[in-house]
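Colleague: I have this one open on my screen. Can you walk me through it?

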Amino acid sequence: HWNIRHLTQRIMEKCEMNRVHLEFVPPQYTSQRCSKCGEIHAESRRKELYECVACGYTCDADYNASLNILHLFLGQVGSLSSPAEQKHSIPSFA
């Protein structure tokens, strides 16, 4: 069995060997944030379905989280300190 630290180290080594840029993205709230409107609500994530309680956007929950990770990687979302602080300051991802 692999532990996360060992797995991360191996991935970093392989990326360095192959001259691949590796970027880590903080995962906080990526499964609860709407990739369309940016609102964060825990109740929007229902197992494999994501349905935003704010704007009604619906999609696969893992797909929604992956879009949020992409937006974070591209720098389109600011700090993810807490849902209360971010609630009204997230730009739209339309």
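Modeller: This is a predicted model. I would begin with helix 2, whose buried residues are covered by elements including strand 1, strand 2 (49-51) and strand 3 (58-60).

Colleague: Which residues of helix 2 are buried?

Modeller: A61, N64, A65, L67, N68, H71 and L72. They lie on the same side of helix 2, because the arc they cover around the axis is only 155°.

Colleague: Why would spacing of three or four places matter there?

Modeller: An α-helix has 3.6 residues a turn, so residues three or four places apart point the same way.

Colleague: How many residues does helix 2 have, and what does it span from first C-alpha to last?

Modeller: Helix 2 runs over residues 61-73, which is 13 residues, and spans 19 Å between its first and last C-alpha.

Colleague: What is at the two ends?

Modeller: At the start of helix 2, a side-chain oxygen of D60 comes to within 3.1 Å of the backbone nitrogen of D62. Just after the helix, G75 has a positive phi of about 80°.

Colleague: How many bridges join strand 2 and strand 3?

Modeller: Three, in the antiparallel sense. L49 is opposite D60 in strand 3, and D60 is also the residue whose side-chain oxygen reaches towards D62 at the start of helix 2.

Colleague: L49 comes up elsewhere too, I think. What does S44 touch?

Modeller: Leaving aside residues up to four places away in sequence, S44 touches L49, Y50, E51, C52 and V53. Its side chain also reaches the backbone nitrogen of V53, at 3.1 Å.

Colleague: Where is S44, and is it buried or exposed?

Modeller: S44 sits in the loop between helix 1 (4-17) and strand 1 (45-46). S44 is buried, with a relative accessible area of 0%.

Colleague: Back to phi. Which residue other than glycine has a positive phi near 55°?

Modeller: That is K47, in the loop between strand 1 and strand 2. K47 has a relative accessible area of 73%, so it counts as exposed, the cut-off being over 50%.

Colleague: And what about Y29?

Modeller: Y29 is not a glycine either, and its phi is positive at about 65°. It belongs to the loop between helix 1 and strand 1. Y29 is partly exposed, at a relative accessible area of 26%.

Colleague: Zoom out, then. What is the pattern along the chain?

Modeller: The protein chain reads α-β-β-β-α-α, with three helices and three strands.

Colleague: Last one. What share of the contacts joins residues at least 24 apart?

Modeller: 40%, taken among contacts between residues at least 6 apart in sequence.

Note on methods. Residues numbered from 1 in each chain as written. Predicted model: local features only at pLDDT ≥ 70, side-chain atom pairs only at ≥ 80, totals over all residues. Heavy atoms only, no water. Helix = DSSP H or I, 4+ residues; strand = E, 2+ residues; numbered from the N terminus. Buried < 20%, exposed > 50% of the residue type's maximum accessible area, 1.4 Å probe, protein only. Polar contact = N/O pair within 3.5 Å; in protein donor to acceptor, adjacent residues only side chain to side chain. Contact = heavy atoms within 4.5 Å. Expected span 1.5 Å × (residues − 1). Arc of directions from axis to C-beta. Pairing = 2+ DSSP bridges.
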